[in-house]
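Have a look at it first, then read on.

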Number of protein chains: 2
Amino acid sequence: MFSPLIDELIQSLRCLPGVGPKSAQRIALHLLEHDREGAATLAQSLERAAAGVSRCDRCRTLTEQALCGICANHRRDGRLLCVVETPADVLAIEQAGSYQGKYFVLLGRLSPIDGVGPADIGVDQLVQLLADESIEELILATNPTVEGEATAHYIAELAKAAAVTVTRIAHGVPLGGELEYIDGGTLAHAFSSRQAL
Amino acid sequence: MFSPLIDELIQSLRCLPGVGPKSAQRIALHLLEHDREGAATLAQSLERAAAGVSRCDRCRTLTEQALCGICANHRRDGRLLCVVETPADVLAIEQAGSYQGKYFVLLGRLSPIDGVGPADIGVDQLVQLLADESIEELILATNPTVEGEATAHYIAELAKAAAVTVTRIAHGVPLGGELEYIDGGTLAHAFSSRQAL
């Protein structure tokens, strides 16, 4: 309907998560009418990031350096290793500000239905890390979904075989949450995981 | 928080309309984790469109050609000229499928507060068009907002001076709309613009 270059741009914008045909059209026209400079800058950033960003050699998180900032930081406690699914999870934990150890980022979760097996989430590399470094505690912080739990159990078995203490972050009623609005699954878990005071 | 290239990408994504810091981060990580190819294609499309797309010489819509598809189409009725605010408005009217004339796209609306004057919306070019072409009817289809109405009135005066018939598209209760849910302004307009049956 529009001219070829604009149609192509609208089509390309569909790769953004949550952007359908209408939003893609709105974004394309907004950029072309009001923000050419922003569009050009975005094009450059996308190109550089898509070409330059790969994985941290140690923890598999996304970075363009050989070692990410956290792995390269010698003031972090190397005896603690926290296993998360994505770089966004690392950010969330860092923003909470209480964890001082290092990370291992799976960049996914075990999901046989989607064809994601242990090799895809870097389990070999994690086993190697457990063998090479003096890690005392492996903290499993995968998401409390079916796949996340399965991944946690799989990794827990491997860590036990490597004689490393394995823990799982607590799941239950969030602080400030009201029982009235908490879903049944979370409440049931909170009861079954109750602790002595 | 992330490595420089990723932070730069997140920052650049903020130029997209409706994308805040959290969405920008989600989009950046999604593209880097799951769709590098899409990101590279998007970068190319953005670059090409930002550099190549300019305005149609006749109707001011966005296109990379000298004349847009509609202006170049000799089967369109040159006696009708519809004035709209944006290329998206052209698309909406084309999709309705009943209008066979040509367009003039303001790419904006008169808005003294935002510093948008007649020169910015191509009024000179419109006056020239009215003088050069044998246009019989100018149809004003700017949006029924304060600025859109002001723009319509301003252009109507110019067209009358050029001895061209001026019409405004009808505003009122949309087809399929239920009176119960229509806002008061629209209803008041629908009453004041009632027509004899």
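At 12% relative accessibility, A:Arg76 counts as buried; the cut-offs are under 20% relative accessible area for buried, over 50% for exposed and partly exposed in between, with a 1.4 Å probe and protein chains only. Keep in mind that this is a predicted model: local features need pLDDT of at least 70, side-chain atom pairs count only at pLDDT 80 or more, and totals for chains, interfaces and linings use all residues. Residues are numbered from 1 along each chain as its sequence is written, chains are lettered from A in the order in which they are written, and side-chain values use heavy atoms, leaving out hydrogens and water.

**Charged pairs**

A salt bridge here is a side-chain nitrogen of Lys or Arg within 4 Å of a carboxyl oxygen of Asp or Glu. The whole structure has 12 of them over all chains.

| Pair | N to O distance |
|---|---|
| A:Arg76 and A:Glu94 | 2.8 Å |
| A:Arg168 and A:Glu149 | 3.4 Å |
| B:Arg48 and A:Glu8 | 2.4 Å |

A:Arg168 sits in strand S6 (residues 165–168) and A:Glu149 in helix H6 (residues 146–161), 19 residues apart; helices (H or I, at least four residues) and strands (E, at least two) are DSSP runs, numbered from the N terminus. A:Arg168 is partly exposed at 27% relative accessibility, and A:Glu149 is partly exposed too, at 25%.

**Where the chains meet**

Two salt bridges cross between chain B and chain A. In the B:Arg48 and A:Glu8 pair, B:Arg48 counts as partly exposed at 42% relative accessibility, and A:Glu8 does as well at 27%.

How many residues does each chain bring to the contact? Chain B gives 48 and chain A gives 48, where contact means heavy atoms within 4.5 Å. The two chains bury about 4,500 Å² between them, 71% of it on carbon and sulfur atoms; that is accessible area (1.4 Å probe) lost on being put together, summed over both. On the chain B side, B:Leu5, B:Pro17 and B:Leu46 lose the most area to chain A, together 13% of what that side buries.

100% of the interface residues of chain B are also interface residues in chain A, so the copies meet through the same surface. Leaving aside its neighbours within four places in sequence, A:Leu16 is in contact with B:Leu16, B:Ile27, B:Leu31 and B:Leu42.
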